[in-house]
Amino acid sequence: MVESSDEVQHGLQDVVALESRICFIDGKEGRLIYEGYDIRDLAARSTFEEVAYLLWYGRLPTTDQLAVLRHRLSQLRELPPSLAARIDSVPETATPMDVLRTAVSELALFEPEETRPGPSSIGGAQRLTAVLPSILAQFHRRRARLPRLEPRPDLSHAAYLLYALVNRVPTELEERALDVALILHADHELNASTFAARVTASTLSDLYSAVTSAVGTLKGPLHGGANERVMELLDEIGTADRVEEVVRAKLARHERIMGFGHRVYKVEDPRATILREWSRKIGEAKGDLRYYELLLKVEGVVHREKGLYPNVDLYSGSVYSHMGIPHDLFTPVFAASRVAGWTAHVLEEYQDLRLIRPMAKYIGPTDLPYVPIANRA
Ligand code: CMC
């Protein structure tokens, strides 16, 4: 008989690990709240920069405060030249998430002031948010044979990110679509990468180490890597008449269908609802609704067969694809938004610090007799 103190919550499911003012998910009602504001209002009326301000400072900015933040972010985009050279030296075949993780870690070497954990970490939060698109561009533009990146302080975070990755200033619709996607991805309570960041910060380690942990955690296909795999699924399906057959065959083999299911949401992820609409809008603007229509069909089959609802990753890839963003940059785009949430959580962790250190239930042997190495079989 297992004592209650020995009960294991596998995957820490339903464990409430800490208090936070940043983000609330109502998994039964399908609601997502940042600092008191419903994600649907933020996605309809706000910008990524406003949301980043909200997450860092706990309130929406005034016009002047927003202008100051926008200016600051645009001034922090440039990479230290030796970091740019270092990124140029990585193999072109490297994965962008590996490059991002390495570059975030290396950036700390240039910012010793910001590697002191505490309130001054807000400087690092803004630097990291500003510079992530430039890191990705430094790597991607070389392999894609695009010209060197120009600073473009005139562009918003969303427009700069797209400009950095595909080398053109987006249309108004594209900029807004990407801005909305960045708003939707900016935070999500104690998701795995944010938890990893908070665990690192809870040892009083620095912000750059915490974000390095988070990038490595986001990389996994069960977390940030799912949208890239949704597009692989669409490629495999090819035409609408094959949806039923391909999806059912995968389910019969007990394979997971990426972009479905969620640890917290028991109904549709509200971010999926918003992105579905953007997938349609941007598809219509491009005169190509193939992804949108395939995804609707996939949704129908998965819901009928497994009762699962779409999550944020189902439609985001189709939105990014229409903009010309390569598939292996989807998860890095996620990171370029979630960095606002990671850093907000690290700042909160420093304010209310308690070492995060759970326990494991030991299931191995005890009291084994020690065998000298010469006598081991
Ligand atoms: N496809 C098929 N079956 C699924 C899926 C799926 N996408 N998701 C869950 N299930 C099944 C799973 O096989 C299990 O069935 P059974 O009880 O028969 O073994 C049951 O549902 C419960 O799954 P679980 O793995 O215990 O649930 P979880 O809370 O640990 O999983 C999840 C959450 C997101 C890891 C999972 O739903 C999944 O693997 N989804 C696909 C990957 C994905 O889309 N990830 C993005 C998540 S949202 C963005 C983010 O957080 O980064």
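Student: In this predicted model, are Tyr 160 and Tyr 163 buried or exposed?

Tutor: Tyr 160 and Tyr 163 are both buried.

Student: What separates Tyr 160 from Tyr 163 along helix 7?

Tutor: Within helix 7 (residues 157-166), Tyr 160 and Tyr 163 are three residues apart, so about one helical turn lies between them.

Student: Why is the pair of Tyr 160 and Tyr 163 called tilted?

Tutor: The planes of Tyr 160 and Tyr 163 meet at 35°. Stacked requires under 30 degrees and edge-to-face over 60, and the rest count as tilted. The pair is therefore tilted, with ring centres 6.5 Å apart.

Student: How do you know that a charge sits over the ring of Tyr 163?

Tutor: The charged end of Arg 152 is 5.5 Å from the ring centre of Tyr 163, and the distance limit is within 6 Å.

Student: How many aromatic pairs does the structure hold?

Tutor: The structure holds three aromatic pairs. Among them is the tilted pair of Tyr 53 and Tyr 57, with 4.4 Å centre to centre and 35° between the planes. Both residues lie in helix 2 (residues 48-57), four residues apart, about one turn of the helix.

Student: What makes Tyr 53 count as buried?

Tutor: Buried means under 20% relative accessible area; Tyr 53 has 6% relative accessibility and therefore counts as buried.

Definitions and conventions:
Residues numbered from 1 in each chain as written. Predicted model: local features only at pLDDT ≥ 70, side-chain atom pairs only at ≥ 80, totals over all residues. Heavy atoms only, no water. Phe/Tyr/Trp six-rings, centres within 6.5 Å; stacked < 30°, edge-to-face > 60°. Helix = DSSP H or I, 4+ residues; strand = E, 2+ residues; numbered from the N terminus. Buried < 20%, exposed > 50% of the residue type's maximum accessible area, 1.4 Å probe, protein only. Lys NZ or Arg CZ within 6 Å of the ring centre and 35° of its normal.
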